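Subject: Handover of a structure

Dear colleague,

Please find the structure below, together with its sequence. I would be grateful if you would read the notes that follow with the model open beside them.

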Amino acid sequence: MKKTEIILAILAVIAVMLNYLLVPGGVMLTVLTLSSLSCLYFAFSFALLNDIRFRNIFKSDSYKNIGALKIVGAIGTGWALSMAMNGLLFKLLYWPGAAVSIVGGMVSLSIPFIICVVKYVLGSNRAYYSRVLIRTGIVITCCVFIMPFSSEQLHQFKYRNYPSFLEAEKQYHENPDNQELLNKYEEERQKMDEQQ
């Protein structure tokens, strides 16, 4: 499962870059990879964070040396990672509810992050706490990086090379009942698609 997580994370980074470079399919790949990571954390964090292989999930021997608190902590951390992943996805695609998911994910992730820092410094079971610290640290960093940007700023950045499209879109959104502005918006969108 660790390999699956790494592959999905790499694909997610590539997908976001393709999305912002306006490569066809970039949006779909972004949705697929980030939502897959979210599902992986939500459903399998108890195994992933405790370094249990997927084929050993249903074997009781796999859990012999793992305490109940670590299982519960891994599940809670996985849910927080899942919420943060959804927040990142929503923010990158300008969907509503992004801020709530990102803030909720960051607040939820800060609890296991702080606990793991303390436990890691104290020297107890460093392998487990380093796995949690790495994942939570990366996701919190991504959330902190993207949080200050508004959807408008991300949209402006994505279409920065097409100012006429941005202007037509702005005028259309200010007056959505105007058919002439809608036609101009669609014309500029078509020009932009042809240039790619």
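**Aromatic rings**

At 45% relative accessibility, F157 counts as partly exposed, a class that lies between buried (under 20% relative accessible area) and exposed (over 50%), computed with a 1.4 Å probe on protein chains only. Please note that this is a predicted model, in which local features need pLDDT of at least 70 and side-chain atom pairs count only at pLDDT 80 or more, while totals for chains, interfaces and linings use all residues. Residues are numbered from 1 along each chain as its sequence is written, and side-chain values use heavy atoms, with hydrogens and water left out.

The structure holds 9 aromatic pairs. Rings of Phe, Tyr and Trp (its six-membered ring) form such a pair if their centres lie within 6.5 Å; planes under 30 degrees apart count as stacked, over 60 as edge-to-face and the rest as tilted. One of these pairs is formed by Y20 and F157, and it is tilted, with 6.2 Å from centre to centre and 35° between the planes. This pair links distant parts of the chain, since Y20 belongs to helix α1 and F157 to helix α6, 137 residues apart. Helices here are DSSP runs (H or I, at least four residues), numbered from the N terminus. Y20 is buried, with a relative accessible area of 10%.

Y172 and Y185 form a stacked pair, 5.4 Å centre to centre and with 10° between the planes. Here too the pair links distant parts of the chain: Y172 is in helix α7 (residues 163-174) and Y185 in helix α8 (residues 179-195), 13 residues apart. Both Y172 and Y185 are buried. Ring pairs also link Y159, F165, Y172 and Y185 into a cluster.

Two charged side chains sit over rings. The term applies if NZ of Lys or CZ of Arg is within 6 Å of the ring centre and within 35 degrees of the ring normal. The charged end of R160 lies over the ring of F157, 4.2 Å from its centre. Likewise, the charged end of R126 lies over the ring of Y120, 4.7 Å from its centre.

**Pockets**

A pocket is found on a 1 Å grid over the protein atoms alone, as an open set of points where a 1.4 Å probe fits, with protein on both sides within 12 Å along at least five of seven lines; lining residues have an atom within 4 Å of a point. Grid points are joined across faces, edges and corners, and a volume is the space filled by probe spheres set on the points.

The largest pocket holds about 730 Å³ of space. It is lined by 25 residues, and V13, V16, L88, I138 and C142 are the closest to its centre. At least two lining residues come from each of α1 (2-20), α2 (26-48), α3 (68-92), α5 (126-146) and α6 (151-158). The largest share, 8 residues, is supplied by α1. By class, this lining has 21 nonpolar, 1 polar and 3 charged residues. In that scheme, Ala, Val, Leu, Ile, Met, Phe, Trp, Tyr, Cys and Pro count as nonpolar, Asp, Glu, Lys and Arg as charged, and the others, Gly among them, as polar.

The second largest pocket has a volume of about 250 Å³. Of its 14 lining residues, L69, G73, I115, Y128 and Y129 lie nearest its centre. Helices α3, α4 (98-122) and α5 each supply at least two of the lining residues, and α3 gives the largest share, 6 residues. The lining has 9 nonpolar, 3 polar and 2 charged residues.

**Individual residues**

I102 lies in helix α4 and is buried, at 0% relative accessibility. Not counting residues up to four places away in sequence, I102 touches G87, L88, K91, C143, I146 and M147, where contact means heavy atoms within 4.5 Å.

R135, in helix α5, is also buried, with a relative accessible area of 10%.

L22 has a positive phi of about 60° although it is not a glycine. L22 lies in the loop between α1 and α2 and is buried, at 11% relative accessibility. D51 also has a positive phi, near 60°; D51 is in the loop between α2 and α3 and is partly exposed, at 48%.

Yours sincerely
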